[in-house]
Structure formats: structure tokens, C-alpha cells
Amino acid sequence: GVSVRYAYLSQRGYYPDDPNKANQDSYSVTHNFIGTDSDAFFGVYDGHGRDGDKCSQFVRDNLPSLTAAIVDGDDLRKTMELSKDVLQNAITRAHVECNKRMHACQDLDDSLSGTTSISVYLHGSRNKITVSNVGDSRAVIGRSTDSTVKRDGASSSSSPSTLKAFALSMDQTPYRRDERIRCKKKGARVLSLDQIEGLEPINEDEDEGDGEGDMVLGEEIDEGGDPPRIWSPHGDYPGTAFTRSIGDAIAEELGVCAEPEMLSRELTKEDKIIVLASDGVFEFLTNQSVIDICAKFTDPLEACRAVVAESYELWLQYEMRTDDITMICIFIDDVGLPQGSTKSLANAASVASAGSGEVEEDDALISSVARPVRSSMTAEKSRAIETAKKKMLRSVRDVSQFQEDDFDLESLYTEKTDEEKASIAEAIRASVMFQNITDDQRELIYKAMEPMPVKEGQWVIKQGTVGDRFYIVDEGSFEVRIVPENQRDEDGTGGKCVHVYEGSRENHSHPSFGELALLYSAPRAASIIAQSDGLLWALHRYAFKKVVAEQSARMEAEKILKKIDVFKTFSSDSLKELAASLCEAKFSRGDVIINEGDVGDSIFIVLPGGSCKSVKTSQDGSESVVEVEEGGFFGEEILKGGAANKYQSTVTATSKMSVWTLQKSDAKRVISSMRKGTTNMA
């Protein structure tokens, strides 16, 4: 059998235009399902439309009982030997019946309202799950990729690096070619809002032919936040961004149906975590990010809190609002032998499937899903930021570029303990801002993080002020407060509390906020106020940009170094070593960088935006002038030995510029190291 622990959490969304809007998400957990103490039914339902909250609650209250009634009515239920096909057929009937009953319900209007449904029927004694999906909520499983990882009863997850996320459901949205075609056959138009408004062209032939029309989704980024939607041929309605739903009577005529897609599979010891969540979780987080966050915790409730907090924060950063966010996290502590023998299971399956005589295989895990995550703000959010900027005092002079040029990154460097590095690493693991940084960049970011002790009641961020730092909560409790647009903070409290960040070293919980400040100067969307004494780690925008830019520049420098005759035969590792030795130097226009005839000690590479003039005097006294611009180099002649130790030209800056400098001693050290390596190999 299977031993699991679970928790659930639902966070009402923040809607500035409707601060009292009901949470339209619902969830259900049914123990002792159909009278079997080893079975359970888990479900998450994401409502939409005017009566979305009523629709999700209707399904919450009816789908589990309908499923139980239909499955229990099957003759083979008593022995729990239902085949996959028979069981899935029964669950499909339950969804369809639930949809019919919602249409007939007098307490709600589902003409333009409905709900998604993602559920897991856990057959504990048989080590099996059946996942049913209607819409774009999602089920994900985290599996151990290391066969040596073992879990005892007290541990709930492997280390994050050993769990790989796999989708147990496939989002039913117009991103999927098969779903688009199915709805189009019912007369639907499939267009984004920009296409409806004439801002983007319409390609009527995009689904013609045999070409692949799906994006490789689930790990892709949706930059615009404008998904394709289902529209009537007779008007601009209903505009659903999904192709299956329970309810949505008008959209049903356009192919938006309530029949679930299902997956049945046997659980193994490699399966560690199952997550069911509404699309509010996956709008900005990938499947892998969600599993990585959950795997940090031994308590499923703490895992839920961390995922919901991270999702909520990203919504606030990239949108003017947040979605309702709901999830169920299931930790699989142990998977033992299923009740009964393999032979009896196979025989029962054969009987239930009308004498097929074949042992049924579990469905394969789904490798991709059907809605990309987003990593950029909507046009509405961008416009709001620009409007807020214009409201700032016009007397404030923008000196950001000047400050950035003079910013001393190394002045921020502090050495961190391994424990402190681990806390920072946990916090930035799931952030899209830090997903593509190198190991060297990560070490520099650790160094540049500033410790910031805070006291209870201290305002860390004030809504509307310009932010320049990203924060990680090491320890403490911090409220997120928002004053609605066009309203004043009359009582000075910062507005309504919409969220609380809880940081704890003991629980390995380190939420973060202020991520967008790393990219550009913009007014803060919310106030952050300490509710307890605590500690934050702060990363300045200029520090982040310099770390990223410097490492990118060093990679470009490797390519330039490869062009210098002395280094053309250098290995990639040796070029990296040279690039790591580069130091930055700055010059003003008119500065003489090197003089012809001086003994040289450095080679120079011109960084972007810079330019200089190299003048060489020939024996007859004539001068040859060469312009050296971005990516150019000079002074390399000093490595050739003999009289060439002296510079052979005078180089003068023709603009304010920066250069990489490579000391002659560093170059010779690497050359010597290469020669020793060659000798040892011989």
C-alpha cells in the first residue's frame, strides 16, 4: 500500500477594482473513499465568470460523491478490480453528469461561468492513481532521479536536485493544436485579445496540413500574457482561455466540453511528491520550480505556503492583480507491495475489459503541458508603472546612469557562511531572474548580498517609492500592504494587508520580494512592513547588473583573447583562466593609455562604448593612425620578448571608455602552467 501525508492551502486573489471579490477556487479531500480506508479523492477546482465561486463549490460538493456513486455501482467495485478503462469510463460519466446537474441548478448561472477540475483518485492498497483533468489546472509529480535516495517515515522529500518534475495532466487550452481543431469543428474562432482588437494579424491557415501546431510548453515563457481564446462566430464572447470546463453552457456549443482527459499509473518508490494546483500557481512558475520548492520541506503545509507565497509575489510583480491560488501537496512517504498478486490483478483486468487477455500498462508520464509560464509584465502593468513615474516630483534629477557607472561592486562584498549561502540559494532557486546565471555569477551574488537587520514595525518598502533592491527574508514576518489606486493611506497603515512573508531558518523558508527592482527603476507596487524583528538579505540593482554584465563581458573577452597571436593555441580552460585575471580600468577622453617606447606591463581590450586612437611612428618620422573600437585590443606586442617588451604605439582615449587589462605577469603564469601541463602529459 501507499503511505502519504498531505496539506492544502487556498489564497484569495487581490483585485484592486473589486477588493471584496470572493475566492473562486475550491478544493476537496475525501477520506475513506467509497468505503475503502486506503483510498482517497483529492480535487482542486478553479472557478471563473460572475458565478465562478458558486460553480467551483458546486463541483467540490458534487463531483466526489458522483464519482463514488458511479464507481460503487459497478459490479466489480466490491473486489476493487476495476480495469483502467472501466474506471476511467466511470469517472468520465461522473464529470458529464456533474456538468448536466450544474446546468440544471437554479442557484447559479453557468451560461458564462464555470470551473476547471483537476483530481487524483488514490487507490492506496493497489499503489495506483487516476488523474482526471478538465481545463487548465494541473497535476505534477516529483520523481527521484537517484535510485539510491531512500525515504524513511519521518522524511518527506529528497534534496531538490534529485527530484524531476513530470506532468500528470495536460492543459486543455487553445495552445494545443488538437484542442484548437476540435473547437474549430464546432464553429469556434480561436484568437487572442490583440487579434480580436485588430492589433495582431490573424493566420487562418495556421492549423491546416500535418505540421506540428503545439508549442513545447510547460517550460516555455509567455511574454505577452495574451493567450489564444475561444470565441463565437457571431460575436466577441465567451473568450475562454481553456477548451474544457464544467459549466460554461454557451462555450459548450463551441466545443468547450466537460469530458476529462485521464491518466492512470502505478506509484513506485521513486515517486515522492504530487501537487494539484489551480493555474494561479503555474502562471509564473514552471512544473520543476514548483517541485523544487516543495522538496525543500518536510511538512507539506510549509511546502504549500512557500509555493503560494512565491506565486502570489510574482503576480504582484508582473500584474496589477493576483489570481486566486490553490494547491494540494501530497508527500508520498512509502510505497509498499500492492494487495494481491500481479497475476490476480492481470486476471481481473482481463475480465473487466471484456476478455482482452492482456495485462494493461500504466499510461506514460506526460513530458509537456499546454500553457507557457510568463516572465514579463502585462502592458497594463507597464502603463501603470509609467503613469506612476510621471507622478513623481519633476524636480528629481535622474542620475541613475551616473550612479551606475561609479558604483563600486567590491565595496559590498562580504564573505558568507555555508549556511547563509544555502539560504540565499534556496530563495533564488525558483526565481526566473536567477535561472540562467553561472556558478561564478552565483558566487559573486552571494558576496554582494547585504545583511539588513530589521526591527518590528520597520517599513522596508513604501508603496510608490522607487526601488533599487531585491530582498530575501532570512528570518522574520513581513506584511504586504497595498493602497488601491486613486486612494490615500488615511490611517498611515500602508493599506490593506494582502499577504504575509514568513522567513524561517528552521523551516528552510526564505521568500523574496522586490525582484523587478533588479531590472529597472520603478515605483514599488506595495508596502512591506516588518511584523517582527528579523533579517533580510538585500541585493542592489547595480550590483546585480554588474555581476551579470561582467560575466558576459568576460565570456566575450575569451573570444577576443583567442584572436591574439600568442593565445591562439590556448585551450578553453586556459582562456577562461586568462579572462578571470582581467581587471577593469577607466579613462576619460584625451587620456594617454600607453606611450610608444615605454616598457609595457599590460594588454588592453576595449569594452563596449569605448574608442581610442593608436599612433605609431615609423623610422622616417611619419605616423600611422589606427582607430581601436569596441572589441579591439592593443599592447599585445609586449608578450613577444626582447625589444618588443616595449609598447610600439601611443594610444589615447577618444571617448570616455573602459577597458579590460591583462597583466603581463598573469599571461606568463598561464603560459607557464600550460607548458608544465604539456610536459607532464608527455
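Strand β15 (residues 325–335) is largely enclosed by the rest of the structure, since 10 of its 11 residues are buried, where buried means under 20% relative accessible area, exposed over 50% and partly exposed in between, with a 1.4 Å probe and protein chains only. The structure is a predicted model, in which local features need pLDDT of at least 70 and side-chain atom pairs count only at pLDDT 80 or more, while totals for chains, interfaces and linings use all residues. Residues are numbered from 1 along each chain as its sequence is written, and side-chain values use heavy atoms, with hydrogens and water left out.

Helices (H or I, at least four residues) and strands (E, at least two) are DSSP runs, numbered from the N terminus, and two strands pair if DSSP finds at least two bridges between them. Strand β1 (residues 2–11) is joined to β15 by 10 bridges in an antiparallel arrangement, with Ser3 standing opposite Asp334 of β15. Strand β14 (residues 271–277) also runs antiparallel to β15, through five bridges, and here Ile274 stands opposite Ile330.

Met327, a residue of the largest nonpolar core, is one of the six that touch the most other members among its 49 residues, together with Ile273, Cys294, Val460, Phe478 and Phe513; such a core is a set of buried Ala, Val, Leu, Ile, Met, Phe, Trp, Tyr and Cys residues joined through side-chain atoms within 4.5 Å. The most residues in this core, 10, come from helix α8 (residues 300–318). Leaving aside neighbours within four places in sequence, Met327 is in contact (heavy atoms within 4.5 Å) with residues including Ala7, Tyr8, Leu9, Val275, Cys294, Cys304 and Val308. A second, separate core has 35 residues, among them Phe567, Ile603, Leu639 and Ala667.

In helix α15 (residues 572–580), the buried residues are Ser574, Leu575, Leu578 and Ala579. These residues lie on the same side of α15, because they cover an arc of only 140° around the axis, the arc being that of the directions from the helix axis to the C-beta atoms. On the other side of α15, Asp573 and Ala580 are exposed.

An open sheet of three strands has the order β9-β10-β11, with antiparallel pairing. Its edge strands, β9 (189–191) and β11 (238–240), each pair on one side only. Three bridges join β9 to strand β10 (residues 229–231), and Val190 stands opposite Ile230 of β10.

Taken as a whole, the protein chain has 16 helices and 32 strands, and 52% of its 682 residues count as buried. Among contacts between residues at least 6 apart in sequence, 78% join residues at least 24 apart.

The mean pLDDT of the protein chain is 80, with 79% of its residues reaching 70 or more; pLDDT is the predictor's confidence in each residue, from 0 to 100. Where pLDDT is low, the predicted coordinates should not be read in detail.
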